[in-house]
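Please look over the model below, then read on.

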Amino acid sequence: MHRRAVTLTVLFQISHSKPIHNPERCVETAKKFKVTIDEDKCKGCLICVHVCEQRGGGILKPSDRKTALGGVKPVPMGECIGCRWCERYCPDFAVYVEEIQDA
Amino acid sequence: MLEPGRHLALGNVACAEGALRVGCRFFAGYPITPASEISHHIAAEIPRVGGFYVQMEDEIASIASVIGASWAGAKAMTATSGPGYSLMQENIGYAHMTETPLVLVNVQRSGPSTGQATQPGQQDIMQARYGSHGDYEVVAVSPWSVQEMFDLTIRAFNLAETYRTPVMVMADGMIGHMKEGLTVPEKVGVVDRKKPTSKEDMPWGTDDPSGVPPMPAFGEGHALLVTGSTHRPDGVRNYAPEYHQMIVYRIRDKILNAEPKIRDIHTEHLGDAKVAVLSFGASARPSIDAVVKAREQGVKAGLFRLRTLWPLPEEEIRALADSVDAILVVEMNAGKLVKEVERVVCGKAKVASLAKVGGVLPLGREVLEEVRRLAK
Amino acid sequence: MKNLKYYRDRYVRRQPSAFCPGCGGGIILNCFVRAIDDLGLDKDKILAVSGIGCSAWIPSPNFNGDTLHTTHGRAIAFATGARTFNPELTTVVFVGDGDGAGIGGNHLIHAARRNIDLTVILVNNMSYAMTGGQIAPTTLHGETTVTSPYGNPESPFDITELVRAAGASYVAKWSTYHVVELTRSIKEAITHKGFSFIEVLSQCPTQQRRIFNLRGPVDSLPPRILDMFAESTVVKDRPDRGGYVYAVPKASPEEALKQIQAMDGVDAKIVDHMRYGRVVRVDGEPLDVVRGKLLELGTVSEVKDHLDGKITLGLFEKKTRPEFTDALREIMRKAGGE
């Protein structure tokens, strides 16, 4: 079976004019990040949502959509701070954080 | 290691020598009577030729590490007796399913269970064929002398490499523990496993009529998926009936179709024989004795000795049944090979059984008595 | 910076994996590939060996390198053969708790005794998960499983203690919650010359629901179990802040929480504790006053100290001992066969 990966990408404008350091991870948030859920691989375990809430920017939220594998699909609902905790915990290699170049 | 030439050697030592000479460089074993001397000799000699002797914690670990070493590229071997052989069966099945070449020497004792640890038997011959769960075919050789402990162990390795399969050396406690003349040649013929020519070669599937795929080793960049689960030719697990059939039939056919090449039969006085004595291993020694005496007494007897036990040379046995009136199957168990012979002969000749348990060889005169009775 | 897609493309095959949603096995694979990438190892020289069970699927077929998926309990023995014969193979063995400490127990302790240069990662989800959640040598006493419907009559191994006593020269224990520590430990274990052993407490949403009596929506289980691991473990040699206790409720944790939240000067929330079930974690000072007040509440049956019943994680052993394959090579030199 061949499916094209359906990716959901959301871009947000930076609202700060100077870098703000995240005390937890010392990440310069002047960089822009985008987080993508690969719904071909995501099983909807929602671990990423939980760790994003606990330690990250709290932007990944469960949606009412399903992934291709039938689980609850997490969706970024805000500006990813690039902490990459979701990436460290994902059991299915289904979430990717990318640094976005300034437009 | 023994120099080329003539020696007086112990059967178990001859077996170890044959293994070393044909390229065995990994041996894992566990002490067990009457096989331990193979371990001792290998422990002393294999490091000299750059090989590894590992004494594992039990027989299960022994056969497991032999399989692991084989996939790392080694010609690998273990040696045991009945109780250890029984323990090894699960992993023997694994070796069949993954098509792992290896040699396993079973210096048979008299069983079941602990039995007569120091007495010979031939009771494991069906276990050699059907010991592990599932369907597969095995190659098993049966030495009857110290010389054959040497020669047939070498053959076992070469067969293992040719057919990518475990090969059993079905020795016994008498042959293992006796001393006889051994001629060590200058050189021995060595067969190496077929290696893949590209990374795309399937390790568990082939269009080659031999049915034997090439075998990569770990560390060569093939990203191998070695598994005991039913799998596709590329190693990916797949339980579909088609894949199971593909594997089981191919691993069966690669042995059975090659039977004419694997067969190894020793015959004496069979030309005009009316009674054939069919035997193997130690039992064949009093059998040949009886055949010779019978001939002296005017009885037309002949010896049909299996040096390769499995695959059974059914064609040859059927041909034998055509030319003789009776076949006497002589074996040291409660009557196992005779049932196979009966099946194959299918009534074309009379089949009789001299099945001896007790940890002792049938006596020459016992065999002779039966031969004379059948000749009437 | 390498993102997860990089690791996936380079090290993973056969997706989606067969793991249940939220399986700890997937997290361990995640940590493993990061570790080998960080070490800059040649992927072609890595051999991943496994037995039978869910943990066996971590490398096979998910790892895009040489894998050897063997028979139940025997992975370490297979690995011994391969690693002995080819010293260039960086050999990592993934075993389960039943697979590695039950049927495979003998091979585990002997490999430790030999101090053979292998890394063994024992994935401990505290039951035989793949076959339906039967008791294992690692199941806590009293837990309910499919073969202990009246509570487990047995008690578990202290596996790290066992392996240390057997002679392992690197012994650590982490959980799938502690991903950073686990990744670092895997790197240390692989680099360490000798028998390296890491026990990893791992979540199994499918079976641990019953075992730890985790009621609630199934969807919530994976993160919940991770939090339970965080709550129920303590890392040795780390400064301990303390300052809280656990109130074990008589009946409903929600009722107990309501009563406790009415108290002054405390922060309370319901947490899952591996040994005590659903309890209320109460942060407040001074502790003995808090404890006293809690015991007076009608909804609280007992109060546990913050370290009570916790599982200790961390590094338990790191030493140098003669290594097995080195010893074999020394023998070869002695015998003149090199």
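## Chains in contact

Of the 2 pairs of chains in contact, chains B and C share the most contacts. Contact here means heavy atoms within 4.5 Å. Chains A and B have no contact with each other. The closest C-alpha atoms of chain A and chain B lie 15 Å apart.

This is a predicted model, in which local features need pLDDT of at least 70, side-chain atom pairs count only at pLDDT 80 or more, and totals for chains, interfaces and linings use all residues. Residues are numbered from 1 along each chain as its sequence is written, chains are lettered from A and ligands numbered from 1 in the order in which they are written, and side-chain values use heavy atoms, with hydrogens and water left out.

## Chain A

Chain A has 2 helices and 4 strands. Helices (H or I, at least four residues) and strands (E, at least two) are DSSP runs, numbered from the N terminus. Along the sequence, the pattern of chain A is β-α-β-β-α-β.

Chain A has 103 residues, and 50% of them are buried. Buried means under 20% relative accessible area, exposed means over 50%, and partly exposed lies in between (1.4 Å probe, protein chains only). Now take the contacts in chain A between residues at least 6 apart in sequence. Of these, 66% join residues at least 24 apart.

## One face of a helix

Which residues of helix 1 of chain C are buried? In this helix, residues 4-11, they are C:Leu4, C:Tyr7, C:Arg8 and C:Tyr11. Seen down the axis of helix 1 of chain C, the buried residues fall within an arc of 100°, so they line one face of the helix. The arc is that of the directions from the helix axis to the C-beta atoms.

What covers the buried residues of helix 1 of chain C? The cover includes helix 2 (85-89) and strand 4 (95-100) of chain A. It also includes helix 2 (24-38) of chain C.

Two packed helices are described by the angle between their axes and the distance between the axes. Axes are lines fitted to C-alpha atoms, for helices over the stretch in contact, and angles run from 0 to 180 degrees between N-to-C directions. Helix 3 (residues 59-71) of chain B packs on helix 3 (residues 75-85) of chain C at about 45°, with the axes 6 Å apart. That makes helix 3 of chain B oblique to helix 3 of chain C. Angles under 35 degrees count as roughly parallel, over 145 as roughly antiparallel, 65 to 115 as roughly perpendicular and the rest as oblique. The crossing of helix 3 of chain B and helix 3 of chain C is right-handed. Right-handed means that the near helix is turned clockwise from the far one by less than a right angle, and left-handed means anticlockwise. From chain B, B:Ala61, B:Ala64, B:Ser65, B:Ile67, B:Gly68 and B:Ala69 take part. They meet C:Ala77, C:Phe78, C:Gly81, C:Ala82 and C:Phe85. Ala, Val, Leu, Ile, Met, Phe, Trp, Tyr, Cys and Pro count as nonpolar, Asp, Glu, Lys and Arg as charged, and the others, Gly among them, as polar.

Chain B also holds a crossing of its own helices. The axes of helix 10 (residues 284-296) and helix 13 (residues 364-375) of chain B come within 8 Å and cross at roughly 50°. Helix 10 and helix 13 of chain B are therefore oblique to each other. Their crossing is right-handed. The residues in contact divide into 6 nonpolar, 2 polar and 2 charged.

Most residues other than glycine have a negative phi, and most peptide bonds are trans. B:Glu99 is not a glycine, yet its phi is positive, at about 55°. B:Glu99 lies in the loop between helix 4 and strand 5 of chain B. Is B:Glu99 buried or exposed? At 1% relative accessibility, B:Glu99 counts as buried. B:Ser113 also has a positive phi, near 55°. B:Ser113 is exposed, with a relative accessible area of 60%.

Where are the cis peptide bonds described here? One joins B:Gly111 and B:Pro112, with omega about 10°. B:Pro112 is in the loop between strand 5 (102-110) and strand 6 (116-120) of chain B. Another runs from C:Gln15 to C:Pro16, with omega near -5°. C:Pro16 sits in the loop between helix 1 and helix 2 of chain C.
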